[in-house]
Amino acid sequence: MSEKAASMLFSRVKESKDQLSLGLATGGTPQGTYEELKKMARETKQTFTHVKTFNLDEYVGLSEDHHQSYRYYMNTHLFNHIDIPEEQTYLPNGMANNLDEECRRYERLIEENGGVDIQLLGIGGNGHIGFNEPGTPFTEKTHIVQLAQETKQANARFFEDPSEVPSRAITMGISSIMCAKEIILLVSGVNKAEAFSRLMEGEVNELFPASVLKTHEHVSVIVDEAAAKRVN
Ligand code: PGA
């Protein structure tokens, strides 16, 4: 799964003559993709100097050097291993004094750079994409969210002290995500089997955020066997 996703991204990086904007995700699922991607970059000496990256989300209140911040994750899993200039890697700033202004700034930044060409996504057990929890209007742009209890629980595995999981995050909204020209959704592991079957068999509904992807014209879904086992 990771190899497939990485080679889709890699071939775009390789083929793009001009600027390419990648939308990136964090969490357990894309770790293997980044692992493969940096391996491909190392082996072929492929440059990433023409690439800009825009991450989906960031926790509110974690500094860049906090080991669970998504900036730290991206640096350690990918950016430090390829030749992309740091100033071309963007994440929302969860430490901004004015968070509402930060949301507007981030949305503007993506637009001013011509939008995301190819967006990598994971899915939450509750169907969230980015940190857009069930019930988020599909029209929402980058905004502040209160994390659902089950999301905090799911992410607690990454923290030494589970009580340290932040309660809030900045996330690209569903409408921001849907502006990407192309989307790759990764679904991995048995704990995503329920979400995957809801995605494939359920209706488009704001109570299941990932369902909106059915209305996007260019989505690839890469799923492993464990996550696909409930779908015929
Ligand atoms: P996970 O998270 O890859 O850590 O399971 C995915 C998500 O919540 O979007």
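Buried means under 20% relative accessible area, exposed over 50%, and partly exposed in between, with a 1.4 Å probe and protein chains only. The model is predicted: local features need pLDDT of at least 70, side-chain atom pairs count only at pLDDT 80 or more, and totals for chains, interfaces and linings use all residues. Residues are numbered from 1 along each chain as its sequence is written, and side-chain values use heavy atoms, with hydrogens and water left out.

**View A. Glu87 sits in a loop.**
The loop runs between α3 (70-77) and β4 (89-90). Helices (H or I, at least four residues) and strands (E, at least two) are DSSP runs, numbered from the N terminus. Glu87 counts as exposed because its relative accessibility is 58%.

**View B. An open sheet has 6 strands.**
Its order is β4-β2-β1-β5-β8-β9, and the pairing is parallel. β4 and β9 (219-223) stand at the edges with a single partner strand each, so one side of each has no neighbour in the sheet. Two strands pair if DSSP finds at least two bridges between them.

**View C. Strand β2 meets β4.**
β2 (residues 51-55) and β4 pair in the parallel sense over 2 bridges. Thr53 has Thr89 in β4 as its bridge partner.

**View D. Strand β3 pairs with β7.**
β3 (residues 57-59) and β7 (residues 168-171) are antiparallel, with 3 bridges. Here Tyr59 stands opposite Ala169 in β7.

**View E. Strand β6 also joins β7.**
β6 (residues 143-146) and β7 run antiparallel, joined by 4 bridges. Ile144 stands opposite Ile170 in β7.
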